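Student: I would like to go through this model with you, one feature at a time. Could we begin once it is on the screen?
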Amino acid sequence: MIYLDNNATTRPLPEVVEAMLPFLREEYANPSSVHQFGQSARHQVECARERVAHVIGANPREILFTSGGTESINTAIRGALRLQPAKRRFLTTAVEHSAVMGVAAQLAEEGYRVDYVGVDGEGRLDEAEWEANLTEDTALASVMHGNNETGVLFNVARLSEIAAERGVPIHVDAVQTAGKMPIEAADWPINYLSLSGHKFHGPKGAGALYVRRRTGLHPLIIGGSQERELRAGTENVAGIVGMGAAAEASMKDTVGGMNKVKEMRDALEAGILERIPFARVNGGGSPRVSNTTNISFAGLEAEAILMVLSEAAICASSGSACSSGSLEPSHVLQAMGVDDRITRGAIRFSLSRFNTPEEIDRVVTELPRLLSRLTVLAMNCE
Ligand code: PLP
């Protein structure tokens, strides 16, 4: 199998699994228990907090553990808005992940004014529109760092500066960048940042929310006094320890590791463009997360492409949601103004350090033959 779907999830590192196992077997204590057994679990949770904080250049006291990116995002947005109930505007972008989009839609139903800043054909955010929509009435702005479909990076340093100048708190969805590239949250004037363990070779069901010192937050999940009363519920100790181990591993050679991944991504892209004349890269003209490429095969349907890839044991993804047999065009590519015919054949290839140049060669060599089956079919159906 050739796994090129690492933006969906990544393979847990062997050291992550090893670190987790004792907490699923003999070290099962509750970290809130005062006995020594519990305190040993507490110690491991706190070590993991330090490691996760290190990945984003934060202080451990600024890290809350959650069940993943989605919970972190929901907590940040809901928790920040509740601090300023009189302010009724929420600002985000047209290309966010559904975790942000879903909350934004709910806020609109509740009477908030929600504005979505647009992007250009390369996925670049309109900074003037961003600035114009940060008003006195804006309770929070939320922006992603790296796009999960195209990998396009937003200039969070600049966007957060603009928000800070206007006194608007900001949340950053860094789920696709944390652990993949260096981040110094302390250098950005941001208030909240979400990350997720399973996107950087940690376990699923473990995430974190950075809450900058002296920034308030209303808890979303109420109950016990865990996580400084900001996120109730007995900690997922094994998951947290696993995410800590993944964080530590990611810090060892973030830049070198990702340069290798970038070389493979670029080779994949170049090889496909050279062999398939109707292929084009979406967002290729922008700075991107180095593991991601989104390639459209004009005139073909993503679902059919994924099927032939899957038969050849190649795992990739489409940005579109496939529900009851109908493929919905990606809101990200639509926001970029990509033609519908091109959007429908968009495939996301997302790599990791587990991939090899040999795998990339195989995909590049096999793809024209796999797609030719579909083009013959498409011509017969016309
Ligand atoms: N935000 C982005 C940009 C993502 O890509 C994802 C997952 O794909 C999420 C949020 C949600 O993260 P999780 O799967 O940990 O809930």
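Student: How many residues of strand 5 are buried?
Tutor: Seven of the seven are buried, so strand 5 is largely enclosed by the rest of the structure. Buried means under 20% relative accessible area, exposed means over 50%, and partly exposed lies in between, with a 1.4 Å probe and protein chains only. Strands here are DSSP runs of E with at least two residues, helices are runs of H or I with at least four, and both are numbered from the N terminus.

Student: What should I keep in mind about the source of the coordinates?
Tutor: This is a predicted model, in which local features need pLDDT of at least 70 and side-chain atom pairs count only at pLDDT 80 or more, while totals for chains, interfaces and linings use all residues. Residues are numbered from 1 along each chain as its sequence is written, and side-chain values use heavy atoms, with hydrogens and water left out.

Student: In what order do the strands of the sheet lie?
Tutor: The order is 2-8-7-6-5-3-4, an open sheet of seven strands with mixed pairing. Strand 2 (63-66) and strand 4 (113-117) are the edge strands, each pairing on one side only. From one strand to the next, the twist averages 20 degrees. Two strands pair if DSSP finds at least two bridges between them.

Student: Which strands does strand 5 pair with, and in which sense?
Tutor: Strand 5 pairs with strand 6 in the parallel sense over four bridges, and with strand 3 in the parallel sense over three bridges. Ala141 of strand 5 stands opposite Leu91, and its bridge partner in strand 6 is Ile170. The chain passes from strand 5 through helix 6 (residues 156-165) to strand 6 in a right-handed β-α-β crossover. Right-handed means that, with the strands pointing away from the viewer, the path from the first strand over the helix to the second runs clockwise. Met144 is a further bridged residue, and its partner in strand 6 is Asp173.

Student: Which way do the side chains of strand 6 point?
Tutor: Ile170 and Val172 point one way, His171 and Asp173 point the other way, and all are buried. In a regular strand the side chains alternate between the two faces of the sheet. Strand 6 (residues 170-173) also runs parallel to strand 7 (residues 192-196), joined by three bridges. His171 has Tyr192 as its bridge partner in strand 7.

Student: Which strands does helix 4 lie across?
Tutor: Helix 4 (residues 98-109) lies across strand 3 (89-93), strand 4, strand 5 (138-144) and strand 6, and runs at about 145 degrees to strand 4. Axes are lines fitted to C-alpha atoms, for helices over the stretch in contact, and angles run from 0 to 180 degrees between N-to-C directions. Contact means heavy atoms within 4.5 Å.

Student: Changing topic, how much space lies in the largest pocket?
Tutor: About 420 Å³ lies there. The lining of the largest pocket comprises 30 residues, and His97, Ala99, Asn148, Glu149 and Arg348 lie nearest its centre. Helix 3 (residues 69-81) gives the most to that lining, with three residues.

Student: And how many cavities of 30 Å³ or more are there?
Tutor: The count comes to one cavity. The largest cavity has a volume of about 110 Å³, and the 13 residues that line it include Lys180, His201 and Met258. On a 1 Å grid over the protein atoms alone, a cavity is a set of points where a 1.4 Å probe fits but cannot get out; a pocket is an open set with protein on both sides within 12 Å along at least five of seven lines, and lining residues have an atom within 4 Å of a point. Grid points are joined across faces, edges and corners, and a volume is the space filled by probe spheres set on the points.

Student: Which residues other than glycine have a positive phi?
Tutor: Among them are Arg214, with phi near 65 degrees, and Glu227, at about 50 degrees. Arg214 is in the loop between strand 8 (207-211) and helix 7 (226-229), whereas Glu227 is in helix 7.

Student: Are these two buried or exposed?
Tutor: Arg214 counts as exposed because its relative accessibility is 83%, while Glu227 is buried, with a relative accessible area of 7%.
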